[in-house]
Amino acid sequence: MLEVIRKRLTLLFSGTFLLLLILILVGVYFTTARLLDQTELNQLKNISNRDVFERIEHGEDRLTPNPIYFQVLDETGEEQYSSLPDDLTEETVQRFVSSAQETEKVTVEDHHFLLYKRDTNEGSIVLLKETSATRDTLQRLIAVLSGIAVLSTLILMGLSYVLAGRAVQPVQQAFDRQRRFTSDASHELRTPLTILYSGIELLEAEPLSREGQTILDDLKAETTSMQLLVADLLLLARGGQAMTLQSVDFSTLVSKTAERFAHTLSNRTLRIEIEPNLLIKGDANQLTRLLMVFLENASVYSDGPIKVRLSKAPGEVQLTIADEGIGIAKSDQAKIFERFYRGDHARHGTGTGLGLAIASSIADAHNASIEVDSSPNEGTRFTIHFPH
């Protein structure tokens with residue numbers, strides 16, 4: 001359980017860091033892109049009319065680093081001078097000139113251009129600059145930022161796993177101490193309870209008054225409840241320990257356990273549907289106890305038939321125990337696997353309140369999950385999903 005908490009803490013730390021890092025890197029990218037775009041636009045804006053005409057006069061139609069192109073139009077829109085790139089069509093420029101935009105970005109055959117239009121007294125000037133190098137720089141920046149994000153996240157995941165391990169270590173130690181205490185106390189209580197129960201059985205053979213016999217019956221019932229509680233506590237204390245999982249013929253185990261349980265039912269029907277030859281990895285004794293918990297619950301809280309079904313589903317084996325009893329309220333369904341928790345109906349019956357907690361512990365040890373489907377006065381269906 002604590003290993004699961006450790007992994008969740010690691011994912012929480014890493015996920016939070018990755019989210020913040022992505023936000024920062026996205027901000028860096030868009031800020032850089034905006035600065036580069038603004039720099040290129042300012043370069044075009046800073047070119048004066050005199051610069052343009054001087055280039056025309058000296059025949060400098062193209063500037064070789066960071067080529068800047070231009071087109072000069074008179075008041076009627078007729079072209080006076082032009083120095084346009086070969087891969088940019090006249091229609092593209094004319095569409096931009098006739099629009100109300102001052103700037104526009106155009107892509108032609110993997111070449112990127114920034115267009116800027118400025119009106120003058122004599123007409124208008126269209127300036128163009130190829131920005132392909134800037135686009136390539138931004139793409140490389142994306143690759144670098146992505147690499148930084150992945151590398152930083154992996155490093156932080158390792159660091160978070162170590163720190164989370166240290167954080168849960170005191171909890172693990174306290175949990176181990178609690179488990180040892182529960183196990184030791186259960187062992188110590190078993191002997192005096194056994195002696196007490198044996199003494200009560202001996203007293204039953206003695207002649208007693210009716211009141212004395214009633215008191216003796218109450219003592220025997222309470223002693224039996226205590227023995228069950230101690231046995232359940234001992235089982236829970238051992239449940240946190242690692243167990244050896246071996247291949248188990250689950251079909252045979254469920255069939256035999258259900259048939260044995262059917263002999264304890266009086267005037268009740270136990271319907272059994274089991275697919276043959278279903279194997280899972282598990283501990284046979286623990287799996288038997290798991291099934292008995294649900295069968296006992298079904299027999300206590302239902303007077304109708306009980307159904308046991310074992311079937312194969314994609315990637316898993318499903319064990320279902322269903323009854324037609326009093327059901328479980330929606331508000332209780334999230335709590336029924338807690339230790340000593342008993343719903344309103346359960347409080348009026350016998351039991352320790354540990355059965356479903358034991359079942360949940362056994363399921364966790366087998367990497368299985370328990371699904372509950374229940375409605376008051378309609379019945380309850382527990383489905384245990386075992387990996388296969």
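Two strands are taken to pair if DSSP finds at least two bridges between them. Helices (H or I, at least four residues) and strands (E, at least two) are DSSP runs, numbered from the N terminus. The structure is a predicted model, in which local features need pLDDT of at least 70 and side-chain atom pairs count only at pLDDT 80 or more, whereas totals for chains, interfaces and linings use all residues. Residues are numbered from 1 along each chain as its sequence is written, and side-chain values use heavy atoms, with hydrogens and water left out.

The chain contains nine helices and 12 strands. Of its 388 residues, 36% are buried; buried denotes under 20% relative accessible area, exposed over 50%, and partly exposed the range in between (1.4 Å probe, protein chains only). Among contacts (heavy atoms within 4.5 Å) with a separation of 6 or more, 64% involve residues 24 or more positions apart.

An open sheet is formed by five strands in the order β7-β9-β10-β12-β11, with mixed pairing. Because β7 (270-274) and β11 (369-375) stand at the edges, each with a single partner strand, one side of each is left without a neighbour in the sheet. From one strand to the next, the twist averages 15°. Axes are lines fitted to C-alpha atoms, for helices over the stretch in contact, and angles run from 0 to 180 degrees between N-to-C directions. Within this sheet, β9 (residues 306-313) and β10 (residues 316-323) run antiparallel and are joined by seven bridges. A313 has E316 of β10 as its bridge partner. Helix α6 (residues 250-262) packs on the sheet, where it touches β7, β9, β10 and β12 (379-387), and its direction makes about 170° with that of β7. Helix α7 (residues 284-300) also packs on the sheet, in contact with β7, β9, β10, β11 and β12; the angle between its direction and that of β10 is about 25°.

Helix α9 (residues 355-365) is mostly covered, with eight of its 11 residues buried. The buried residues of α9 are G355, L356, A357, I358, A359, S360, I362 and A363. Just after this helix, N367 adopts a positive phi of about 55°.

Antiparallel pairing also links β3, β4 and β5. Six bridges connect β3 (residues 103-108) with β4 (residues 111-120), and V106 stands opposite F113 in β4. The hairpin of β3 and β4 has two residues between the strands, and E109 takes a positive phi near 50° there. Between β4 and β5 there are eight bridges, with K117 opposite V126 in β5; a hairpin of two residues joins these strands.

The loop between β5 (123-130) and α4 (132-204) holds T131. This residue is buried, with a relative accessible area of 5%. Residues up to four places away in sequence being excluded, T131 touches E40, H112, F113 and L114. L19, by contrast, lies in helix α1 (residues 2-45) and is exposed, with a relative accessible area of 53%. Although L19 and T153 are 134 residues apart in sequence, their C-alpha atoms are 10.0 Å apart in space.
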